[in-house]
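Hi everyone, thanks for having me.

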Amino acid sequence: MEKIKKLIVTLAAISLAAAAVSCNDSGKTEKKEDKLDSVTREELASIAAQDPRLTGELENKTIKWMANWGFSTDSHIDLVVFQERYGGNIEETIIDWEVRYEKLATAINGDEGIDFFPAGDADVFPKGAIKSMFAPVDEYVDFSSELWKDVKNANDMFVWDGKHYLLCTNLSGGNTAVFYNKKTIEEYGLDDPQELFENNNWTWDTFKKILDDFVDPENGLYGIDGYWTEAALSLTTGVPYVGLENGKLVNNLKDPALERVQNFMAELYKDGCVIDKSMFDWSEMPSFIGEGKELFYPCGLWAIYKYPEEWQKTLGKDAFFVPMPKDPKADKYYIPTTAEGYMMVSGGHNPEGVAKFAECKRAVMLNEGLNGIGDELLIKTYGWTPEMIAMRDKMWDMANENPVFDFYAGVSADITGTLDSAETGIRASLQGGVSWAETVGSCYSVIDALIEDANNGLA
């Protein structure tokens with residue numbers, strides 16, 4: 001059953017990372033070739049027709065999607081089920097990542113009837129609810145039903161003003177993994193993070209020890225790279241910088257757990273464990289992992305949802321990954337969590353169709369007949385090993401067991417800009433050794449006021 005629950009996440013990530021989208025001048029996608037073989041399509045159609053959880057019919061069979069990525073029938077089984085069971089169709093508007101909210105606002109104001117938008121980005125909620133860009137989903141989905149009951153608690157985490165705003169189809173543990181090269185670990189006689197993790201000894205302490213044993217910048221050996229580390233490491237405490245409790249945002253900047261992780265990150269900086277990006281024009285250098293010159297690259301699993309010649313060229317053939325290390329003083333093992341699914345767009349013309357499509361995704365995740373398809377695709381097409389799949393599955397299980405979300409990127413540009421700063425925000429300790437007391441002193445009252453505005457609907 002757990003493999004099935006990972007299937008749709010796997011396929012969605014593959015499509016997101018690898019699908020090439022052809023766009024015309026209007027931003028609409030050109031008609032894409034159906035790459036799914038007819039035998040598989042017929043089998044899926046038969047399974048969908050027999051699934052009692054998929055009920056009713058659709059009068060309006062087209063739903064309109066806006067995002068920086070699109071769907072494809074060879075990697076989105078839920079799309080095939082939607083087509084075969086309901087005669088459904090997705091009309092896509094593909095836009096650049098940087099302007100997706102501006103484009104969405106224009107579409108809403110122009111009554112273009114965009115129906116849904118991805119929910120997996122940390123900046124969609126609650127900002128989109130506060131600004132009325134997204135609509136509540138309660139009228140169209142019964143979270144206590146057979147299809148939704150096992151993710152009801154997850155959906156209940158995203159309530160604003162007493163209403164659900166996410167169609168959360170599943171929780172993902174692939175937000176941030178620690179990538180490394182096993183060949184490098186072996187050559188330098190270091191403890192393998194995979195073995196440490198499997199022996200319940202992958203913690204901040206062992207993470208730091210491996211870095212101390214390896215890092216030597218004067219000889220071109222670097223420690224931690226990437227821009228994902230700070231937020232991801234912070235969430236291993238189980239305490240978000242900006243939380244959501246009883247439908248209200250809360251400011252946790254003075255929580256002792258955050259002070260503890262910030263002190264740890266300042267220590268990493270002061271001990272030379274962090275690559276100096278100023279030496280490389282402030283760019284990430286993940287290719288150093290493959291070259292054996294860098295130890296850890298925290299990043300989303302999307303980094304290896306691509307053809308092997310692509311990810312192996314950067315990370316090396318011996319690349320592997322583990323979750324973020326455990327906070328040794330936390331009550332549980334927390335890792336960053338992502339809510340996968342969709343947002344219903346305000347003014348959408350077919351919310352019923354979006355609900356049916358989301359139900360198709362849920363049905364695919366629960367249907368035993370689809371077991372193993374995603375894993376086979378990863379192994380045959382993307383060069384993953386069974387060990388990689390097992391580690392991914394474990395990360396998904398961990399995210400579902402102890403989900404933790406931070407909403408600091410999802411409220412307003414002011415909150416995000418203030419807290420994401422490498423000079424005065426949460427990155428200042430790891431990037432410059434700035435004390436957390438100094439950071440809190442400079443931004444606590446500002447964040448408090450901005451959160452109060454958001455809770456009052458003024459953001």
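Here's a quick walk through a few of the salt bridges.

Before we start, this is a predicted model: local features need pLDDT of at least 70, side-chain atom pairs count only at pLDDT 80 or more, and totals for chains, interfaces and linings use all residues. Residues are numbered from 1 along each chain as its sequence is written, and side-chain values use heavy atoms, with hydrogens and water left out.

Okay, so what's a salt bridge? Here it's a side-chain nitrogen of Lys or Arg within 4 Å of a carboxyl oxygen of Asp or Glu. By that rule, we get 19 salt bridges.

Let's take R100 and D121, with N to O at 3.8 Å. R100 sits in helix 4 (residues 100-109), while D121 is in the loop between strand 3 (116-118) and helix 5 (127-130), so they're 21 residues apart and link distant parts of the chain. Helices here are DSSP runs of H or I, at least four residues, and strands are runs of E, at least two, numbered from the N terminus. R100 is buried, at 4% relative accessibility. Buried means under 20% relative accessible area, exposed over 50%, and partly exposed in between, using a 1.4 Å probe and protein chains only.

Next up, K182 and D192, at 2.5 Å from N to O. K182 is in helix 7 (residues 182-187) and D192 is in the loop between helix 7 and helix 8 (193-198), so this pair ties together parts 10 residues apart in sequence. K182 is partly exposed at 25%, whereas D192 is buried at 12%.
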